[in-house]
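Hello,

Here is the structure I promised to pass on. My notes follow below it, so please have a look at both when you get a moment.

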Amino acid sequence: MQDVADRVGVSKATVSLVFRKAPGVGDKTREDVLAAAEALGYRMNRAAALMTARRSHLLGVVVQIRNSFHAEIVESIVSAADLVGYETVLGAVTPTHDESRVIETLIDFRCEGMLLIGPELDAKDIVELGERLPTVVVGRRMSSPLVDVVRANDARGIGTVVDHLVDLGHRRIVHVAAGPGVIASDRRAGFLRAMQRHQLDAHDAVIDAGGYTEEAGMAAARRLLGSEMPTGIVCANDRLAVGILDMVRRAGLDVPGDVSITGYDDSALARLANVDLTSVSQQPTEQADRAVAAVVDRLDTRRNERTSTVLVPRLVVRSSTGPA
């Protein structure tokens, strides 16, 4: 930093102000400092700067890296945070790094706020995190006053899928659920309510795949192929639907001629030409914008009141569904 200051002819404190993006430095001086730093190959030691700073302006984001829908939300979160002067630190949840471990790592990096995307943690663990630092849950119901929530109405979203299939003449409809989590339970409940609303038999109409992956979808498809196939399959997310779609086509069935298949999330997978999956959009960009606004509001204004935003999901019809 002193080398940069000497090259420009300013104080070391001025160089520090430039790299901290602080006010009080003229545009010409700021440009000269940045040019000198580029010429000298200087980069600020962010770790050292954080040791003396009162604020880090870092937001931790906990994300399932294999989930393409989560990846879309993360892109929008990074953009929204950048607009308000915050940086994001991504914590990848993997088979060897569960959510709890990832959260602790992000806190060790001095993240001031936390964004949890589709968390599967116990509610009490999320509440305890909310006691430690501002926390926003994205995509899941929570009722704690310590935690803000931004989500889509999953029960309503799944209900629109059932409505769509019924309008196409389907009566034998099955839901492929994704385990006992809150999000999966909401989608399962929405499916059962929609079936009841249409006076359709929901007995044995739910198959629990136990997870959200393509492999779980393939296993569920084997179970369906071994019995009387429904004419419509409503999946808890797009990855499950893609696994089922693959197995059904391998079995020689036509989609949607023999069976209609739907997903949830309207992820990049659903939009692939060879998939072209009817799915439900959760408005990931708006969820990301609302989530960043909520956590920054708590950090910058010390807001203590809980906020909860519930967005209306939107059905996106593609070629994987057709008349029964």
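Ile261 touches Ile233, Cys235, Ala241, Ile244, Leu245, Val248, Val255, Leu277, Thr278, Ser320 and Thr321, leaving aside residues up to four places away in sequence (contact means heavy atoms within 4.5 Å). This is a predicted model, where local features need pLDDT of at least 70, side-chain atom pairs count only at pLDDT 80 or more, and totals for chains, interfaces and linings use all residues. Residues are numbered from 1 along each chain as its sequence is written, and side-chain values use heavy atoms, with hydrogens and water left out.

Ile261 is also among the residues that touch the most other members of the largest nonpolar core, which has 28 residues; the others are Val176, Ile233, Cys235 and Ile244. A nonpolar core here is a set of buried Ala, Val, Leu, Ile, Met, Phe, Trp, Tyr and Cys residues joined through side-chain atoms within 4.5 Å, and buried means under 20% relative accessible area (1.4 Å probe, protein chains only). Two or more residues each come from strand 6 (173-177), helix 9 (182-197), helix 10 (214-225), strand 8 (232-235) and helix 11 (238-250); helices (H or I, at least four residues) and strands (E, at least two) are DSSP runs, numbered from the N terminus. Helix 11 gives the largest share, seven residues. A second, separate core of 22 residues includes Ile77, Val150, Val292 and Val295.

Glu214 lies in helix 10 and counts as buried because its relative accessibility is 18%. Its contacts beyond four places in sequence are Arg66, Arg239, Val242, Gly243 and Leu269.

Best wishes

Technical notes:
Buried < 20%, exposed > 50% of the residue type's maximum accessible area, 1.4 Å probe, protein only.
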